[in-house]
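Here is a friendly walk through one protein chain, from single residues up to the whole fold. Keep the picture open as you read.

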Amino acid sequence: MSCLDALETLGPDALTPEEADRLETLAERDRRVRLPGPSPRLSVRSDQRIRLRARALLAGRTDGT
């Protein structure tokens with residue numbers, strides 16, 4: 001289970017405003033995370049999936065932040 005899996009299970013409103021800000025920074029940053037592995041393309045695709053999941057989680061917040 002990843003951190004995003006846990007956050008999705010808890011639901012987006014379980015995030016504090018500070019945690020939501022940190023997740024938004026992750027979701028919106030332009031830098032790519034270099035993951036160890038054989039292919040740089042795989043790292044970029046993984047980073048894009050993380051960003052999309054983080055954005056989807058933030059979009060589900062109902063507390064106005």
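## Leu57, a buried residue

Is Leu57 buried or exposed? In this predicted model, Leu57 has a relative accessibility of 6%. Residues count as buried when that value is under 20%, so Leu57 is a buried residue. You can find Leu57 in helix α3.

Which residues does Leu57 touch, once its neighbours within four places in sequence are left aside? Leu57 is in contact with Leu7, Glu8, Gly11, Pro12, Leu15 and Leu23.

## Leu15, a partner from a loop

Now look at Leu15, which sits in the loop between α1 and α2. Leu15 has a relative accessible area of 6%, so this residue is buried. With neighbours within four places in sequence set aside, Leu15 is in contact with Leu7, Ala20, Leu23, Leu57, Leu58 and Arg61.

Leu15 and Leu57 are separated by 42 residues in sequence, while the distance from C-alpha to C-alpha is 9.9 Å.

## Ala59, an exposed residue

Ala59 also has its place in helix α3. Its relative accessible area is 65%. The cut-off for exposed is over 50%, so Ala59 counts as exposed. Ala59 and Pro12 are 47 residues apart in sequence, yet 8.1 Å apart in space when taken from C-alpha to C-alpha.

## The nonpolar core

In soluble globular proteins, nonpolar side chains tend to be buried together. What makes up the largest nonpolar core here? This core has 8 residues in all: Leu4, Leu15, Ala20, Leu23, Ala27, Ala54, Leu57 and Leu58. Helices α2 and α3 (40-59) each supply at least two residues of this core.

Leu58 is one of the core residues. Apart from neighbours within four places in sequence, Leu58 is in contact with Leu15, Ala20, Leu23, Glu24 and Ala27.

## The largest pocket

Next, turn to the empty space. Rolling a probe the size of a water molecule over the atoms shows where such space is left. The largest pocket holds about 180 Å³ of space. Around this pocket you will find a lining of Cys3, Leu4, Leu7, Leu15, Glu19, Arg22, Leu23 and Leu26.

Which helices supply the lining of the largest pocket? Both α1 (3-10) and α2 (17-28) give at least two residues each. The largest share, 4 residues, comes from α2. By type, the lining has 6 nonpolar residues, no polar ones and 2 charged ones.

## The whole chain

Finally, step back and view the chain as a whole. How many helices and strands does the chain have? There are 3 helices and 0 strands, and reading along the sequence gives the pattern α-α-α. The chain has 65 residues, and buried residues make up 23% of them.

Consider the contacts between residues at least 6 apart in sequence: 63% of these join residues at least 24 apart. The contact between Leu57 and Leu15 is one to find in your picture, as these two residues are 42 apart in sequence. As for the surface, the chain exposes about 4,800 Å².

Conventions. Residues numbered from 1 in each chain as written. Predicted model: local features only at pLDDT ≥ 70, side-chain atom pairs only at ≥ 80, totals over all residues. Heavy atoms only, no water. 1 Å grid on protein atoms, 1.4 Å probe; cavity = no way out; pocket = protein on both sides within 12 Å on 5 of 7 lines; lining within 4 Å. Points joined across faces, edges and corners; volume = space filled by probe spheres on them. Nonpolar A, V, L, I, M, F, W, Y, C, P; charged D, E, K, R; others polar. Core = buried A, V, L, I, M, F, W, Y, C linked by side-chain atoms within 4.5 Å. Buried < 20%, exposed > 50% of the residue type's maximum accessible area, 1.4 Å probe, protein only. Contact = heavy atoms within 4.5 Å. Areas by Shrake-Rupley, 256 points an atom, 1.4 Å probe, with all protein chains shown as cover.
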